[in-house]
Amino acid sequence: MAETKLARWRKLDNAAKIFPATSGKKDTRVFRFSCDLRETIREEILQEALDKTIEAYPMFCSVMRKGFFWFYLEKSSLRPVVKEESKLPCSNIYVRDKKSLLFEVTYFKNRINFEVFHALTDGTGAMQFTRELVKNYILKAHKEEFPEEIPLDSQDLTDADMEDDSFFKYYSKTKSDEKQKSVHSYQLRGLKSDYENMHITEGMVSVKQLLEKSREYGVSMTVFLTAVYLCAIHREMSPRQEKYPVVLMIPVNLRKYFPSQSMLNFFSWIDAGFQFETGVTTFKDVVNHVKEFFKIELTKERVAGRMNEFMNLEQNPFLRVAPLALKNLCLQAAAKFTSKNVTAIFSNMGVVDMPEVYRPYIKWFHVFTSTPKTELCMCSFEDHVVLSFTSRFESENVQRNFFRILNEQGVEVEMLKDKYPEKRKPVYPGMQFFKLFSFLCLAAVVICVMANVIITPHSIWSLFVGGAMLCMWLALAVGFYKRRNLLKNAMWQLLLIIACCLAWDAFTGWNRWSIDYVLPGISLLTTISILTISKVQQLGPPEYMIYYVMSAGVGIVPFLLILTGCVGVHYPSVICSGLSFLFIAALVIFKWKDFMVELHKKFHF
């Protein structure tokens, strides 16, 4: 067993808990913060800048781990490597069973990209990281012009400040008297692109122009743009569809209401909707409605009530003790159900500020995110507001309508040209092999059944062939989908082999060979294989311990079967159980501290 320093870990915050459960091809839960400089990016300098940024924000070097009740984040010795952008924007970062960092830094021409899995941080945290990264790049690329470093902020953040769970800090059991009603909203329809392919449409407007136009209506820029977005969607609706309101989900930065320097997720949201009526509704009507809605919903009391509502769910004792697999199913069902209450999403990241000395090197910042719907993200830098749409729909009519309405309102829009690498469809050679193997297994079973019926109809030998092919297919399927974690693969194979052998034994007359020989033999072999894999891969206790305990625990089961009289041949079960007990005893005696820490991590609730 390899010696290792105990890894630090932390629980996921309230908002982050949904992201590992619901991420996938349809929505990677990844968002991107980018900065366009006035010079071509040099990879080696960007790597140096990233290394320095990580020193300031070490919490980002974490990997996702799976406990019995919750996911959690664990500090890792892995370090990010800068690469030239080659994948599609907001591609999958969190891969189940793969121990990897939850963010990436890439570059393309004059653009620096920071992409991050939402469970690690929110938009505010990503903005802070990107600002620091850009600052460090400018300092290293222009050393002669900066004899001393000019920090971004006057305050020094500690690790405790950055990892502060502000949801828990400001949580109160007080329930909100008034809740925002959920309604079935209008849903955009149309042909969607492949999951990997996301349409990005970006336009840029002047902060000055946008602010002047907003003041004409007596509202903020966010209220004005929300009204524009609602009207842009309405232009795609038929009169028959107006029975459904158009509803925008709008994230709310809770740091504006509760003092926090946390780099974790700390946001909530409101659902701003409007019921349109053709020929009656005017743009000013929409603006005034959104203005009043924001005035009511964006108060500290209402925001706190919504935050407490979700924290109450997390703190519910019955939900806390539910296994993670069950929680994931519930979260996925809840996400699917609530998505029907939202038409689209609008996220305003606000102003990206940089010290005056760095501004001449920067053109603008922009932000966007993966989405299964249509989403608008915006941020501003100096006089530039970049409005970035992402969508899975082939049609870009909503985006066109949005920028057309801005022009109609007197706000000039400059469309940003595509500045992304040529789109390449991801290649999955392993998946192609698995599909071919699945087809060949099915073909073999069908051919055997046909031969059985035609040549030897008096026997059912094809049934045994089908069972054997099914067992072989299951073994390969488990091996394929759990290939990123050999230890987890070994445990799944252990359970699968035991289940298949028990089924075969029962189907062929129950001769008990499955519990006399297979159960003790495969249990002992799996425990030894886990020790071997851990040694070869030089894994530490956090990586191998839970699988080691599980396999050794299965190895003690034969002893219990002896006590109940189920075993016919005793010596394989005695050997397996005795050695398994010694394996667990050795772990407890020599790795007690690691053992208790790991149990605490895996079973925290």
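How much of the chain over residues 461–481 is helix, how much is strand, and how far apart are the end C-alpha atoms? I looked this up in what is a predicted model, and found that the span is 100% helix and 0% strand, with its end C-alpha atoms 31 Å apart.

I had picked that span from the UniProt record, an unreviewed entry, which lists it under "transmembrane region" along with residues 433–455, 490–507, 513–533, 545–563 and 569–592. I then checked residues 545–563, where the chain is again 100% helix and 0% strand, and where 28 Å separates the end C-alpha atoms.

Next I turned to helix α3, which covers residues 123–141 and therefore has 19 residues; its first and last C-alpha atoms are 26 Å apart, close to the 27 Å expected at 1.5 Å a residue. At the start of α3, I noted that a side-chain oxygen of D122 comes to within 3.2 Å of the backbone nitrogen of T124. I also asked why α3 can be called largely enclosed by the rest of the structure: the reason is that 17 of its 19 residues are buried, buried meaning under 20% relative accessible area.

Strand β2, residues 30–37, runs antiparallel to β12 and is joined to it by 7 bridges; I traced S34 to its bridge partner in β12, which is H366.

Last, I looked at the domain assignment, which gives domain 1 as 7–146, domain 2 as 196–414 and domain 3 as 484–601. The C-alpha centres of domain 1 and domain 2 lie 23 Å apart, and 59 residues of domain 1 are in contact with 46 residues of domain 2.

Note on methods:
Residues numbered from 1 in each chain as written. Predicted model: local features only at pLDDT ≥ 70, side-chain atom pairs only at ≥ 80, totals over all residues. Heavy atoms only, no water. Helix = DSSP H or I, 4+ residues; strand = E, 2+ residues; numbered from the N terminus. Buried < 20%, exposed > 50% of the residue type's maximum accessible area, 1.4 Å probe, protein only. Polar contact = N/O pair within 3.5 Å; in protein donor to acceptor, adjacent residues only side chain to side chain. UniProt positions renumbered as here; feature names shortened; annotations may be inferred. Pairing = 2+ DSSP bridges. Domains from an automatic or database assignment. Contact = heavy atoms within 4.5 Å.
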